[in-house]
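Keep the sequence and the model side by side while reading.

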Amino acid sequence: MKHLLSNQARIYLAIVESGSITGAADRLEMGKSGVSDALKQLESSLGAQLLIRTTRKQSLTAIGAQFYRRCREMNDVSIVALEEVSEHLAEPMGPLRITAPHAMIDSIIAPALAELVAIYPRIQPELIVDDERLDLIEHNIDVALTAGELPDSEFKAQRVGTLRDVLCASPDFCRAHALSIESISNPDRLNDLPYVAHHWEGTDIVHQLTSQDLQETKEFQFRRVATASSVNAVFALISRGVGIGVLPHFFIPPMLEAGALVDLLPEYHPRETNLFAIHPYGSLPPISVRAMIDAMKQRMGRIA
């Protein structure tokens, strides 16, 4: 069993509560000389006599009685503290602060959290939605979901899935640019079309698109006409016919089903990007953080 109280203090408690050094030795499964030496060392380090011992009995000095009460209080508090830690290690519970970009909420974070809370109702999630990467320490974040390359950091990163971009346009855009099913089947027809860019994309919009059978890769150059700082904003512009653009595969199924988007090249895929869960706990993350990461992995596996 783990203890927070020092060995000398624990031995002193046993001596007082068992009534003798012999009783304490039996209780602690120690030799009598070891118990006696520990008491002498404790009294020497404190500079005070705690017990008056005779061959027949022992009694507490005034300071010995006060010291006993304080040691008993500390021991009781330490037991509660250790029990609370054990409880947290046994079941996810308590506050859990999570951050993720807007585009990942509906498809990944919300379903994962819903499943987690249904299994572990004592978790208290707090979701911070931000398209910027927040400082985990400054914002007291337990786990962050982020896409793409990661800066050098002392934080722990765990891959939870892969993001695939899909080249999309609105039906109105397709009609305005005479993009029929037949013309879309010719990838070269898409070169130099107006393009809605994400803020992280470079000045020159060039994509390498690879066929699903991996037998053909084509390079496309698009003409930037607008830039947006979030996936939701890119979708809003694409859906209104401003241009074509790439959106993550987990984000677009409802829009495709509703007819708000057209997958321009279903046989080709632009880049793939890793999704990472990041936490500041090194090799010992809380069980609630581990459970949330597992839930996100499972969710990504379902929508792969």
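Which β-α-β unit do strand 3, helix 5 and strand 4 make, a right-handed or a left-handed one? The unit formed by strand 3, helix 5 (residues 105-119) and strand 4 is right-handed: with the strands pointing away from the viewer, the path from the first strand over the helix to the second runs clockwise. Helices (H or I, at least four residues) and strands (E, at least two) are DSSP runs, numbered from the N terminus. The model is predicted, with local features needing pLDDT of at least 70 and side-chain atom pairs pLDDT 80 or more, while totals for chains, interfaces and linings use all residues. Residues are numbered from 1 along each chain as its sequence is written, and side-chain values use heavy atoms, without hydrogens and water.

Seven bridges pair strand 3 (residues 94-100) with strand 4 (residues 123-129) in the parallel sense; pairing requires at least two DSSP bridges between two strands. Arginine 97 has glutamate 126 of strand 4 as its bridge partner.

An open sheet of four strands has the order 7-9-8-12, with mixed pairing. Strand 7 runs parallel to strand 9 (residues 217-228), joined by five bridges. Histidine 198 has alanine 228 in strand 9 as its bridge partner. Helix 8 (residues 231-239) packs on this sheet and touches strand 7 and strand 9, contact meaning heavy atoms within 4.5 Å.

Turn now to the pocket. Strand 3 returns here: along with strand 5 (143-147), strand 6 (156-169) and strand 13 (272-279), strand 3 supplies at least two residues of the lining of the largest pocket. Strand 13 gives the largest share, five residues.

Notes. Axes fitted to C-alpha atoms, helices over the stretch in contact; angles between N-to-C directions.
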